[in-house]
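Q: Hey, could you walk me through this protein? I'm new to reading structures.

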Amino acid sequence: MSQKAYLTLSHGPQRLGTLRLLIAGNVVPRTARNFLTLLTTDNDSEGGYRNSTLHRIIRGFMAQGGDFTSGDGTGGRSIYGATFDDENFVLSHDERGVLSMANSGPDTNGSQFFITFRPVPHLDGRHVVFGRVDLTDGESREVLDALERVGTGREDRPRMAVTIVDCGVTDEEEDGSAVQGAASKRAATAGVGTSLAMDDNDEIDLDDDDDDDDDEDDDGGVSQQRQEQAPVPVPAAGAVEKDSDEIDIDEEDDHVQEKEEEEASPPKNSKAALQARLRKLKMKMNQSRQLNRREVQSEGERLGSSEGAAQHRRQQAKKDRDSRNKEWEAMSSRAADSAAAAAAAAAGVV
């Protein structure tokens with residue numbers, strides 16, 4: 001049986017409403033216990049989700065929170081210690097509203113979690129799914145929609161804080177349901193809460209990272225956000241950064257832009273058609289380069305050193321230059337051939 005829980009959110013001074021959650025305690029009992037305990041633990045006293053924020057929101061992808069120690073994706077901890085192992089990957093990221101654990105690699109689950117805005121199957125086998133938003137509930141659907149529309153700035157951070165103002169576990173009873181929030185539920189979870197208090201001095205082991213990348217971060221990871229260019233604030237030059245739980249974003253879909261091009265008025269002549277094809281090819285190549293660059297940077301930083309990341313960036317920059325030169329040579333050749341053909345055809349007509 002699924003266990004029921006809730007998160008009540010605010011956006012700045014405005015109350016967004018309540019997300020009702022279904023927690024798969026029968027499939028991932030250890031992961032569910034971690035989440036439910038942190039829902040019912042006061043942040044001010046022992047560390048828990050109440051009054052913490054959702055620090056990262058990416059429209060069309062996910063919202064991430066649960067870092068109640070740092071608030072930026074570099075902190076948090078589990079009730080079992082700093083981190084705990086991946087329990088299983090039975091459940092999938094197969095729909096909107098999936099609730100899953102953020103991490104910084106295999107077996108590094110802490111307290112950070114994320115909620116998907118769409119299916120993200122590329123995260124299956126890498127992040128432990130432990131529940132989902134109850135999309136049969138009208139308010140939950142509205143709150144999830146509002147959450148996705150939250151305006152963000154650099155590093156995908158909400159311009160106004162999105163705060164968990166209340167949270168808890170809903171116990172089903174014969175005569176109805178009684179909602180128990182953090183304060184009223186503490187006594188029922190006292191035994192588990194003890195393990196949380198005992199491990200207060202355990203911090204998540206975080207790798208040093210490099211912060212000198214100027215590229216904007218559109219696609220990152222759901223790891224306990226690596227402080228690369230966008231996921232977390234950029235420290236002063238030369239400062240040592242912490243790893244964070246950052247969720248890997250899948251390759252962006254370009255079908256919307258292609259559809260717009262297809263719906264545009266057809267080219268009037270062969271030259272215009274060639275130019276349209278060249279523009280489309282250039283767009284696709286640019287997207288491919290950007291995605292490849294992000295993957296190279298992510299892999300370099302995943303290796304754990306700023307030197308490795310810098311070396312990967314230099315290699316990628318050289319590959320990009322060579323690739324651009326080849327692409328433009330090819331496009332110029334095609335354009336010249338087309339122009340010559342058009343001139344020959346015109347001369348024949350004359």
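Below is a short chat about its core, strands, helix and salt bridges.

Q: What kind of model is this, and what should I know before starting?
A: It's a predicted model, where local features need pLDDT of at least 70 and side-chain atom pairs count only at pLDDT 80 or more, while totals for chains, interfaces and linings use all residues. Residues are numbered from 1 along each chain as its sequence is written, and side-chain values use heavy atoms, with hydrogens and water left out.

Q: What's the mean pLDDT of the protein?
A: The mean is 75, and 65% of the residues reach 70 or more. pLDDT is the predictor's confidence in each residue, from 0 to 100.

Q: Where does pLDDT stay under 50?
A: Residues 225-242 are one such stretch, and residues 250-264 are another. The model has 81 contacts beyond four places in sequence for 225-242 and 15 for 250-264; contact means heavy atoms within 4.5 Å. Where pLDDT is low, the predicted coordinates should not be read in detail.

Q: OK, the core. Which residues touch the most other members of the largest nonpolar core?
A: L9, L21, I23, F35, Y49 and F113, out of 37 residues in that core. Helix α1 (residues 29-39) gives the most to this core, with 5 residues. A nonpolar core is a set of buried Ala, Val, Leu, Ile, Met, Phe, Trp, Tyr and Cys residues joined through side-chain atoms within 4.5 Å. Helices (H or I, at least four residues) and strands (E, at least two) are DSSP runs, numbered from the N terminus.

Q: Why is α1 described as largely enclosed?
A: Because 8 of its 11 residues are buried. Buried means under 20% relative accessible area, exposed over 50%, and partly exposed in between (1.4 Å probe, protein chains only). The buried ones are T31, A32, N34, F35, L36, T37, L38 and L39.

Q: And what does L21 touch?
A: Beyond its neighbours within four places in sequence, L21's contacts include F35, L99, R132 and V133.

Q: How many residues of strand β7 are buried?
A: 4 of its 5, so β7 (residues 129-133) is mostly covered.

Q: Which way does β7 run against β2 and β5?
A: Strand β2 (residues 14-23) pairs with β7 in the antiparallel sense over 3 bridges. Strand β5 (residues 98-101) also runs antiparallel to β7, joined by 3 bridges. Strands pair if DSSP finds at least two bridges between them. In β7, G131 stands opposite I23, and G131 is the bridge partner of L99 as well.

Q: New topic: how many salt bridges are there?
A: A search of the whole structure finds 11. A salt bridge is a side-chain nitrogen of Lys or Arg within 4 Å of a carboxyl oxygen of Asp or Glu.

Q: Which residue does R20 meet in one?
A: D137, at 3.3 Å, N to O. R20 is in strand β2 and D137 is in the loop between β7 and α2 (138-148), 117 residues apart. R20 and D137 also belong to a network of salt bridges with R15 and E139.

Q: What about D166, which residue is its salt bridge with?
A: R50, with the closest N and O atoms 2.6 Å apart. D166 lies in strand β8 (residues 162-173) and R50 in the loop between α1 and β3 (54-58), so the pair ties together parts that are 116 residues apart in sequence.
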